[in-house]
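I opened the notebook to record what I looked up in one structure. The entries follow the order in which I looked.

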Amino acid sequence: MNDKTVLGVVDYQLYLLHTMSYAPPELIVGALGGLGVDQRAAEVAYRHVNDQGHALWAVFDAVCRILGTPAYQRTYELRGREVVARGFTLPLWENLAFEVSGTADGLLADERFRRMPGTSPPALEDLTDLVPWKFTLDEVRERFGPLRQGDLRPPFEEHSFHHTSPDGVEQELDAVFSWGLLQRLTVAVTAS
């Protein structure tokens, strides 16, 4: 790729995949296969998006142009500022939108996965249902909150929470999210 290459939604999906280092490897391999590429293509796309990123990351409209036509647009308040959020469909993540938020002065404020409006998350009855790439941070917080924030290194967030199973087993769990999408869930402590 050269500086004149036009980035598109596939490039951005590969970029996102490359940053999901906490995801189960089989999900990454399956997603790459679904796009008809290998890990090397993801690395190249990552570098290309990153190279152009120095000019892009602060510019809301530039990122939105890469992702194409938004499926929806909304406004909300983030850290005391009104932002515009545009949700984009990405073929690898069904029923989810990759939401890009920007301020009135064109700065990029946030990027994360959210449930597509009008769709419901998969059933989430117990911890066995809580699998990577199926749930957003907001959904896990709603079902298992409150969450305790751990390490925060955008796009990664670590949160922990307490869970008591129906049979009385108490657990402390650590959940890792990338771009607001669950990547990994591990048991930190179990007590009966």
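Entry 1: charges over rings. I counted a charge as sitting over a ring if NZ of Lys or CZ of Arg is within 6 Å of the ring centre and within 35 degrees of the ring normal. The charged end of Arg74 sits over the ring of Tyr76, 4.3 Å from its centre. I also found the charged end of Arg143 over the ring of Phe144, at 4.7 Å from the ring centre.

Before going on, I noted the ground rules. The model is predicted, so local features need pLDDT of at least 70 and side-chain atom pairs count only at pLDDT 80 or more, while totals for chains, interfaces and linings use all residues. Residues are numbered from 1 along each chain as its sequence is written, and side-chain values use heavy atoms, with hydrogens and water left out.

Entry 2: Helices (H or I, at least four residues) and strands (E, at least two) are DSSP runs, numbered from the N terminus. Leu14 is found in helix H1, residues 9-19. Is Leu14 buried or exposed? I read buried as under 20% relative accessible area, exposed as over 50%, and partly exposed as in between, with a 1.4 Å probe and protein chains only. Leu14 is buried, at a relative accessible area of 5%. Contact means heavy atoms within 4.5 Å. Leaving aside neighbours within four places in sequence, I found Leu14 in contact with Leu32, Leu35, Val37, Ala41, Ala42 and Ala45. I also checked a pair 109 residues apart along the chain: the C-alpha atoms of Leu14 and Ala123 are separated by 28 Å.

Entry 3: In H2 (residues 25-34), the buried residues are Ile28, Ala31 and Leu32. Seen down the axis of H2, they fall within an arc of 100°, so they line one face of the helix. The arc is that of the directions from the helix axis to the C-beta atoms. Glu26, Val29 and Gly34 are exposed on the other side of H2. Just after H2, I noted a positive phi of about 75° at Gly36. Glu43 belongs to helix H3, residues 39-56, and is partly exposed, with a relative accessible area of 28%. Glu43 and Tyr15 are 28 residues apart in sequence, and 7.7 Å apart in space from C-alpha to C-alpha.

Entry 4: aromatic rings. Rings of Phe, Tyr and Trp (its six-membered ring) pair if their centres lie within 6.5 Å; planes under 30 degrees apart count as stacked, over 60 as edge-to-face and the rest as tilted. How many aromatic pairs does this rule give? I got 10. For Trp93 and Trp133, the ring centres are 5.4 Å apart and the planes lie at 65°, so this pair is edge-to-face. Trp93 lies in the loop between strand S2 (81-89) and strand S3 (96-103), and Trp133 in the loop between S4 and H5, so the pair ties together parts 40 residues apart in sequence. Both Trp93 and Trp133 are buried. One aromatic cluster is formed by Tyr12, Tyr15, Tyr46, Trp93, Phe98, Phe113, Trp133 and Trp179.

Entry 5: helix H5. Leu137, Glu139, Val140 and Phe144 are buried in H5, residues 137-144. They cover an arc of only 165° around the axis, which puts them on the same side of H5. What do the buried residues of H5 pack against? They pack against strands S4 (108-115), S6 (156-164) and S7 (170-178).

Entry 6: Arg112. Arg112 lies in strand S4 and is buried, with a relative accessible area of 15%. A polar contact is a pair of N or O atoms within 3.5 Å; within protein, one must be able to donate a hydrogen and the other to accept it, and residues adjacent in sequence count only if both atoms are side-chain atoms. The side chain of Arg112 makes such a contact with the side chain of Glu157, at 2.8 Å.

Entry 7: strand pairing. Two strands pair if DSSP finds at least two bridges between them. S5 (residues 148-153) and S6 run antiparallel and are joined by four bridges. Leu152 stands opposite Glu157 in S6, and a hairpin joins S5 to S6 through two residues. S6 and S7 pair in the antiparallel sense over nine bridges. In S7, Glu172 stands opposite His162, and Ala175 is the bridge partner of His159. S6 and S7 form a hairpin with five residues between them, and Gly168 in the turn has a positive phi of about 90°.
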